[in-house]
Amino acid sequence: MPLAGTLDISPLLAAAPEMLDTSAEPWEIESVELLNLSFEIDDRYMTALLPPALHPVIPPTAYFTVARYPDSPAGAFTLAQVRVGCRASALPRGFLLRAYVDSPRACDELRTKWGYNAHVADVGLRVFHDRIVGVVNDGGREILRASLINPEPISGGDVQYVSNLHLAKLADDGGSGTLIQVDPDYRFHRADRGRPQIETFERDAWSAANVAPVFPIAATFVLCDTGFPKIRYVIDPSRPAIAGTRKVAG
Amino acid sequence: MKFGIFYELSVPRPWDREAERTVYENALEQVRLADELGFDQVWCVEHHFLEEYSHSSAPELFLTACAMQTKNIRVGHGIVVCVPQFNHPVRIAERAAVLDILSGGRLEMGTGRSATWTELAGFRASPDDTKKTWDEIVRCLPKMWTQERFSHDGYAFSMPSRAILPKPYQKPHPPMWVAVTSPGTEIDAAERGLGSLGLTFGGFSDQEKRIAEYRRRIKSCDPVGEIVNEQVNTVNFLLCHEDDATGIATGTRLAGTFNYLASQLLSAREAYPSRSYPSLGLLPQLRREQTSPGDAPRVPEGLCIGDPARIVDVVRNWEACGVDRINFLLNAVETVPQEQVLASMRLFAKEVMPKFAPATAAATAAAGGN
């Protein structure tokens, strides 16, 4: 049967976001600009990056995402994430390693309501004619610079983004941790595709010591309506998702 | 209605010395039995790098072995990936011709273009180009088989005039098919006079609409070859058992295992946004349709699992939808013991196949003839 994750999550739990419950009301946000890069990553660590609940994708992949939310109940903010592509049972997902957001208020909301392992930093999204660039600076140190090179228009109908899984501590999980599924819808108004390029990736700053991008797949930049939905499913990180998934809403 | 068998040749981990050999040997035993039981065709896919899901990277060799060990069953080379980074078109034509000769004219030629990023990137082929290159190559193959010499100047490949040898045994050339997974590809098949080699499971109403459109369009086709192959072939799982509940339980486990393996791979559409891959293709379609693994599983419509009576009903439904042939996947990572696979085939041949025998044969039999 397929390979499964071998990540020991216990060292990660100390710093994992804490959530009282999964009842957060959804945020629906219009005119979000989102840059997403995907790469194949070094396959020597494909199982070590994921908890036992999840299967690696073949080939293993990582997603680098920077999105500007122009408005939300927490105000405007820009969010950067690094995720590892995976499968929860048969379903495509991205396991979040770490996120940075440029608004303390949004950071707090994303941690406590949706379980984002988010931290405050300077996050920027810059749009040029020949490239779109996402940049994250933490304490004056550039920890991510990721670009889409040579954007060309494509149909938004051709774009597909995977849903997130976040390792968090739920009040009722006894401290063993829970994977929170965050699966927003996207309504695309515009989309571009180009070549992905990473200029800076400080792996330690992303809890991603074993994430080495080795082969570019694609980069997209979209204008869309999306947001942060009602949480519908949670997964026990220590059991295969096919057996350890629990429906909590919807 | 004709029946066949279909191989992905999936191999369970760990891949020790005997694991792959066992899968191949078991498959060959099944093919020999299929030939004895009157199955019409055996198909074998071409895949690369698809861990566990398919270790079938040289189907022409497997099919040659099949042909050498059987008398009547036709050998379906398909689909062959018509992407030049995978296979030079001349090599496709040559290998197919040799297989047709060695099998005594039993080749069915399936064509397609791959639907996984895993494979396309492995050969550095752009997903944007595969429709174009398939289209070009599928037009060239019949010319390579029928013209004394062939030359070409195109997008996928170019070559000066050469005699491509040998020529196929069947004249003018073997029947040609195209793999149909994405909605709309059946139109590609129809417009080129190619058989529709359906690679989706289940869903009567959707398939019926697509088949009707295929039949309508092929009437005015511009055939790529010298013959039109107006046939609709589809794929299914087979687990036939005297006890319906046992058949369903084992068959569901077989289908579920296969689908689970398929879904761990990276489809072209999921990885790389492109107009060339407007739908998810076979692999993600095989994912269970519920939103998350926490939802209740269900038995998909149209699968040939259960007792003979249930399977007869399912096949009649497919017949009513316009399907001409059904190919069965018999196993996945050896999840069903070989003896049970063979017993399932025997029971199917005994109890189900006669219900779909050609009318002339049935009439002859009813009249007491041979």
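Biologist: How many bridges join β1(B) to strand β2 (residues 41-44) of chain B?

Modeller: Four bridges join these strands, which run parallel; B:Phe6 stands opposite B:Trp43 in β2(B). Strands are DSSP runs of E with at least two residues, helices are runs of H or I with at least four, and both are numbered from the N terminus. Two strands pair if DSSP finds at least two bridges between them. The model is predicted: local features need pLDDT of at least 70, side-chain atom pairs count only at pLDDT 80 or more, and totals for chains, interfaces and linings use all residues. Residues are numbered from 1 along each chain as its sequence is written, chains are lettered from A and ligands numbered from 1 in the order in which they are written, and side-chain values use heavy atoms, leaving out hydrogens and water.

Biologist: With which strand does β1(B) pair over five bridges?

Modeller: Strand β11 (residues 325-329) of chain B pairs with β1(B) in the parallel sense, and B:Gly4 stands opposite B:Asn327.

Biologist: How is the packing of two helices described?

Modeller: Two packed helices are described by the angle between their axes and the distance between the axes. Here, the axes of α1(B) (residues 19-37) and α2(B) (residues 59-68) come within 10 Å and cross at roughly 40°. The contact (heavy atoms within 4.5 Å) involves residues including B:Tyr24 of α1(B) and B:Phe62 of α2(B).

Notes. Axes are lines fitted to C-alpha atoms, for helices over the stretch in contact, and angles run from 0 to 180 degrees between N-to-C directions.
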